[in-house]
Amino acid sequence: MSRLTDAELSRAVQSRDEAAMEVIINRYSRLLWRVCAAVLSKSGGTQDVEECVADAFVYLWRYPERYDSSRSTLKTFLCMVARSRATRQELTAALHTLPEEEQDMLLRRYLGDQKPREIALALGITSRQVQNRLYRARSRLRAQLNMDEL
């Protein structure tokens, strides 16, 4: 089974073939470890990297239909999933360094999809104050993550 192509392995995983999943894990775990470790080099430890790698494999097991062999290799797909998990973990860690009020505003705005006016009404401040605080919070996150754009 270890000589199967990515597409064949993916079809086997869609059929819930645990042996195929084991081959995939053996084939790509070191690579995914390096991807996650690179993303989390400043903010995460071994346990965080391990969790992200495991999450990538769990994602494939739960949603094998999301891998499309005509669009990418399984290797590329898994690297993207792992990097996404690691980035999310890094962002969460950076978010927790902000004051609680800024965390709340960012979560309301970007996860809750609330407009500044709605946030202002909920918090009893002006819409302009919300916009200013969101700007400062994004700037702090950007600095924390060393990102150009957020």
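**Stop 1: D6**

Select D6. In this predicted model, D6 is buried, because its relative accessible area is 15%, and buried means under 20%. D6 sits in helix 1, which covers residues 6-14. Now show side chains. The side chain of D6 makes a polar contact with the side chain of R27, at 3.4 Å. Which residues does D6 touch, not counting those up to four places away in sequence? They are R27, Y28, Y67, T73, L74 and K75.

**Stop 2: R16**

Move along to R16. R16 is in the loop between helix 1 and helix 2. Is R16 buried or partly exposed? It is partly exposed, with a relative accessible area of 40%. Look at the backbone here. R16 has a positive phi of about 65°, although it is not a glycine. Most residues other than glycine have a negative phi.

**Stop 3: the largest nonpolar core**

Select I24, Y28, L32, F57, L60, L74 and L78. Of the 29 residues in the largest nonpolar core, these seven touch the most other members. Y28 and L74 are also on the list of residues that D6 touches. Colour by helix next. Helix 1, helix 2, helix 3 (46-62) and helix 4 each supply at least two residues of this core. Which helix gives the largest share? Helix 2 does, with 10 residues.

Zoom in on L32. Leaving out residues up to four places away in sequence, L32 touches V53, A56, F57, L78, C79 and A82. Of these contacts, F57 and L78 are among the core members with the most touches.

Another core lies apart from the largest one. This other core has 13 residues, among them I119, A137, L141 and L145. Leave A137, L141 and L145 labelled for the stops ahead.

**Stop 4: the largest pocket**

Rolling a probe the size of a water molecule over the atoms shows where empty space is left. The largest pocket holds about 280 Å³ of space. Its lining has 11 residues, and the closest to its centre are L91, L95, L106, Y110 and L141. L141 is also a member of the 13-residue core.

Which helices each supply at least two residues of the lining? They are helix 4 (74-95), helix 5 (100-111) and helix 7 (127-145). Now colour the lining by class. There are eight nonpolar, one polar and two charged residues.

**Stop 5: the second largest pocket**

This pocket holds about 160 Å³ of space. To see its lining, select A38, V39, S41, K42, S43, E90, A93, A94, Q144, L145 and N146. The elements that give two or more residues to it are helix 2 (18-39), helix 4 and helix 7. Helix 4 gives the largest share, three residues. By class, the lining has five nonpolar, four polar and two charged residues.

**Stop 6**

Select E102, in helix 5. Is E102 buried or exposed? E102 is buried, at 8% relative accessibility. Leave aside its neighbours within four places in sequence, and E102 is in contact with A137 and R140.

Then pick S139, in helix 7. At 24% relative accessibility, S139 counts as partly exposed.

**Stop 6: D113**

Go to the loop between helix 5 and helix 6 (116-123), where D113 lies. D113 is exposed, with a relative accessible area of 54%. Check the backbone again. Like R16, with its positive phi, D113 is not a glycine and has a positive phi, here of about 55°.

**Stop 7: A120**

Finish in helix 6, at A120. A120 counts as buried, at 5% relative accessibility. Which residues does A120 touch, not counting those up to four places away in sequence? They are I125, T126, S127 and V130.

Conventions. Residues are numbered from 1 along each chain as its sequence is written. This is a predicted model: local features need pLDDT of at least 70, side-chain atom pairs count only at pLDDT 80 or more; totals for chains, interfaces and linings use all residues. Side-chain values use heavy atoms; hydrogens and water are left out. On a 1 Å grid over the protein atoms alone, a cavity is a set of points where a 1.4 Å probe fits but cannot get out, and a pocket is an open set with protein on both sides within 12 Å along at least five of seven lines; lining residues have an atom within 4 Å of a point. Grid points are joined across faces, edges and corners, and a volume is the space filled by probe spheres set on the points. Helices (H or I, at least four residues) and strands (E, at least two) are DSSP runs, numbered from the N terminus. Ala, Val, Leu, Ile, Met, Phe, Trp, Tyr, Cys and Pro count as nonpolar, Asp, Glu, Lys and Arg as charged, and the others, Gly among them, as polar. Buried means under 20% relative accessible area, exposed over 50%, partly exposed in between (1.4 Å probe, protein chains only). A polar contact is a pair of N or O atoms within 3.5 Å; within protein, one must be able to donate a hydrogen and the other to accept it, and residues adjacent in sequence count only if both atoms are side-chain atoms. Contact means heavy atoms within 4.5 Å. A nonpolar core is a set of buried Ala, Val, Leu, Ile, Met, Phe, Trp, Tyr and Cys residues joined through side-chain atoms within 4.5 Å.
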